[in-house]
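Please keep the structure in view while reading.

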Amino acid sequence: MLNIVFDASYYLQSEVLTSYFDFNKLHNFIVSFEKFFQKKEKKVLNLIKKLTGFDWEKEIINVWFFESWNASISYPLLLNVYDYNKDFVFFNLIHELVHINLFDLMIFNKKRKVDLIELEAIVNFITKQVIQSFYNKEKVNKLCKKAEFGGVYKYVWIRTNEINNEFNSLKKPNLKEWMLLNKNKYVIKK
Ligand SMILES: [Zn+2]
C-alpha cells in the first residue's frame with residue numbers, strides 16, 4: 001500500500017529556492033491539505049493505477065511543498081503551493097503523481113528524440129480524468145485552464161484533447177494497452 005507523506009523543508013526554501021516564504025503559513029497549509037487529501041487519497045491512487053494500467057512501484061512518496069515561482073517537479077516531488085489554492089494544489093499533485101506512476105515510460109518523436117510535449121499531454125489526459133471524478137465540469141475546465149501556465153503548454157493541452165479522442169475511438173481498457181499499439185513511439189522500459 002502506497003503512502004503519500006507531506007512535508008516542507010526550510011533548507012530547500014532558504015538555500016535552494018532563495019525566494020520569500022512564510023514557513024508558518026506553509027506548515028499550516030500542510031496540516032489542512034493533509035486533511036483535505038486524506039479522504040481522497042485511496043480513490044486518487046486507485047484511479048491513476050486503473051487508468052494508466054501501471055502498478056505503483058513505491059511504498060512511500062514524499063511530497064515537499066514550497067512557496068516560490070519555480071515549477072513543480074516529480075523527482076523528487078517538489079510541489080508549489082500556488083497561492084495556497086487547495087484545489088489547484090490537488091490538481092498539480094495528481095499531475096506529479098501520474099508522472100511518478102509512468103516512470104517506466106519513454107516517449108519518442110519521429111526523430112527518435114524524447115518527446116516531452118507528448119509526455120505532458122499524456123499526463124494531463126490522465127490527470128483530467130482523475131480530477132473529473134472530484135469536481136463538476138465547470139470547475140474541471142477552470143483548473144485545466146489555470147494549468148496552461150502560458151508558453152508551450154498551450155500545445156500540450158491541444159495534444160491532450162487529440163489523445164482523448166484517439167483513446168476513446170480505439171476502446172482500450174487503459175493507457176498501457178493503448179500505447180502498446182504504437183511501440184515505436186511509446187517505449188515501456190520494462
Ligand atoms: Zn508534467
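The expected span of a helix is 1.5 Å times one less than its number of residues. In this predicted model, helix H6 covers residues 153-170, which makes 18 residues, and from its first C-alpha to its last it reaches 26 Å, close to the 26 Å expected at 1.5 Å a residue. After H6 comes Lys171, whose phi is positive, near 50°.

We turn next to the sheet. Three strands form an open sheet in the order E1-E2-E3, and their pairing is parallel. Strand E1 (3-8) and strand E3 (77-80) stand at the edges with a single partner strand each, so one side of each has no neighbour in the sheet. From one strand to the next, the twist averages 30°. Strand E2, made of residues 60-66, runs parallel to E3 and is joined to E3 by four bridges, and Val63 stands opposite Leu77 in E3. Helix H2 (residues 23-52) lies across E1 and E2, and its direction makes an angle of about 170° with that of E1.

| Helix pair | Axis distance | Angle |
|---|---|---|
| H3 and H4 | within 9 Å | roughly 130° |
| H4 and H6 | 8 Å | about 60° |

How are H3 and H4 oriented to each other? Helix H3 (residues 86-101) and helix H4 (residues 116-132) cross at roughly 130°, and they are therefore oblique to each other. Their crossing is right-handed. On the H3 side the contact is made by Phe91, Ile94, His95, Val98 and His99, while H4 contributes Val123, Ile126, Thr127, Val130 and Ile131. Sorted by class, the residues of this contact of H3 with H4 are seven nonpolar, three polar and no charged.

From H4, the residues Ile117, Glu118, Glu120, Ala121, Ile122, Asn124 and Phe125 meet Tyr155, Val156, Trp157, Arg159, Thr160, Ile163 and Asn164 of H6. The contact of H4 with H6 comprises eight nonpolar, three polar and three charged residues, whereas the contact of H3 with H4 has no charged residues.

Note on methods:
Residues are numbered from 1 along each chain as its sequence is written. This is a predicted model: local features need pLDDT of at least 70, side-chain atom pairs count only at pLDDT 80 or more; totals for chains, interfaces and linings use all residues. Axes are lines fitted to C-alpha atoms, for helices over the stretch in contact, and angles run from 0 to 180 degrees between N-to-C directions. Helices (H or I, at least four residues) and strands (E, at least two) are DSSP runs, numbered from the N terminus. Angles under 35 degrees count as roughly parallel, over 145 as roughly antiparallel, 65 to 115 as roughly perpendicular and the rest as oblique. A crossing is left-handed if the near helix is turned anticlockwise from the far one by less than a right angle, and right-handed if clockwise. Two residues are in contact if their C-beta atoms, placed from the backbone, lie within 7 Å. Ala, Val, Leu, Ile, Met, Phe, Trp, Tyr, Cys and Pro count as nonpolar, Asp, Glu, Lys and Arg as charged, and the others, Gly among them, as polar. Two strands pair if DSSP finds at least two bridges between them.
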